[in-house]
Amino acid sequence: MMQQPPLLCFYVYIVCLFSVGHIHSQYVFKTEYFEAKLDHFTFLSNATFKLRYLVNDSYWSPDTNAPIFFYVGNEGDITLFVQNTGFIWEIAPEFNALVVFAEHRFYGESMPFGNKSYDKGNIGYLSSSQAMMDYIDLIAELRHNHNKQFPVVLFGGSYGGMLAAWMRMTYPASVTGAIASSAPIWQFPEMTHCNSYYRVITSAFSRVSPNCSDNIRKSWKTIDDITKTDEGKSWLSSTWNLCEPLQSSENVTTLRDYLDNVYANLGMANYPYPTDFLAPLPGHPVKAVCKHLLEKDLEGKKLLSALFQGVSVYFNYTGNAKCLNYASAYQSSLGDSGWNYQACTEMVMPICTDGKHDMYEVSEWNFTEYAEDCYEKYGVKPDPSHVRNLYGGKHISTATNIIFSNGELDPWSCCGVLHNMSDTAQAIVLADAAHHLDLRASNPADPESVVEARKYYRTVIQQWISQ
């Protein structure tokens, strides 16, 4: 089976839909729509579509040199990011900033062709370069409305952080500076080893206890061994309270894929306080999971029973889940389809495991198989060098006014910028921090590294604005 690059930012699919549908709005904004060009790179068509953006002007002083704080939308519904990027809201009043959260084309409500947006004849307009031009045009429109060249500071996490960094590098006349948090701009062929992502996930579990990651590594074969028989499938279905009993090898594969994503999401959402970003989780969720996997000699059914207790932290922390719905978690959603297409064109992010330096079984990166599957699904072939050629790869020493921040607990730190690229394109590594924790709202449990980083961001943003 082809190994797709994981969704960068935040969600196992059903969890995302749940979160978006149950937002308790902490921040106030207006919903606006911008007529974006369907194709920015041709003069042969004037077709447009409505790009959604969310805006708050209650802090703004447009008669001064007050900035525009512009959140660069990721691969998902923009309303989720509004509620989980509290840092922007916290500093907007002191900068008298206009707050804008712009949605990425082909996600959320920004569907150029409605429910036919993912048809093969339409989805070709989904790309990072098209999305960035949407944002550049929107910025120009916001400035034009007041006839002033307001400074624009970009904020983005994960894929949004990648776009923020690339926008500052590509369009420096339009963008004053960028905070690019957890931005894996080097998770591409010939830039980062394909095993790096899973090694960082494993390190988060090993950090709690080597026994935890060792037990997870043993569990894959144990699951296969026990489910070879109908009796074993029945035992695991009952013991794990599976909503859909295991009846075939395909069911077992789906369950294994589910576990793979659970561990990845636990690594990304390994925050020091309770959150419901990916799922309702306690603070330090990896530690909570590993608490059930600390014994060294767990084997067979005893191992899988303990593993279920750990996995329950992810799918049933609230106690409201009636069963483990491993199958429906992979029903396709719009976000899934959009990212899978991007992964089949330009976002070619090699992922592999070796079973030694990670807590998984051996799974090699097979680009040929990957490309064939992409062609079968979308009629396109991925270009592994596209991003490197377009945005410079590791040759970005001319970049300026960018902060690349990465949490050492975050799996995506494997392929982020960890060293300064120039005097003002700086790298910050955040101890004890997970996926773009620095962009979230302040919390008393925040590690000191994040508290200090946010203070530094304020200083740097003021410098950018004053230039």
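Okay, so a quick definition before we start: buried here means under 20% relative accessible area. Cys212 has a relative accessible area of 0%, so Cys212 is buried. And keep in mind that we're looking at a predicted model.

Cys212 has a partner, Cys290, and the two form a disulfide with an S to S distance of 2.0 Å. The pair links distant parts of the chain: Cys212 sits in helix α7, Cys290 in helix α10, and they are 78 residues apart. Cys290 is buried as well, with 0% relative accessible area. The torsion about that S-S bond is about -75°, so this disulfide is left-handed.

How many disulfides does the structure hold? It holds 4. Another one joins Cys194 to Cys352, and at 80° about the S-S bond this link is right-handed. Both of those cysteines, Cys194 and Cys352, are buried.

Then there's Cys344 with Cys374, sulfur atoms 2.0 Å apart. The torsion is about -80° there, so that one is left-handed. Cys344 lies in the loop between α12 and α13 and Cys374 in helix α13, so the pair ties together parts 30 residues apart in sequence. If you number the bonded cysteines in sequence order, the pairing reads 1-7, 2-4, 3-5, 6-8.

Now away from the cysteines. Ile402 is in strand β7, and it counts as buried because its relative accessibility is 0%. Ala178 is 224 residues away from Ile402 in sequence, yet their C-alphas are 4.8 Å apart. Ile402 also touches Trp464, Met169 and Thr424, among others.

Conventions. Residues are numbered from 1 along each chain as its sequence is written. This is a predicted model: local features need pLDDT of at least 70, side-chain atom pairs count only at pLDDT 80 or more; totals for chains, interfaces and linings use all residues. Side-chain values use heavy atoms; hydrogens and water are left out. Helices (H or I, at least four residues) and strands (E, at least two) are DSSP runs, numbered from the N terminus. Buried means under 20% relative accessible area, exposed over 50%, partly exposed in between (1.4 Å probe, protein chains only). Contact means heavy atoms within 4.5 Å. A disulfide is a pair of cysteine sulfur atoms within 2.5 Å. Lists of a residue's contacts leave out its neighbours within four places in sequence.
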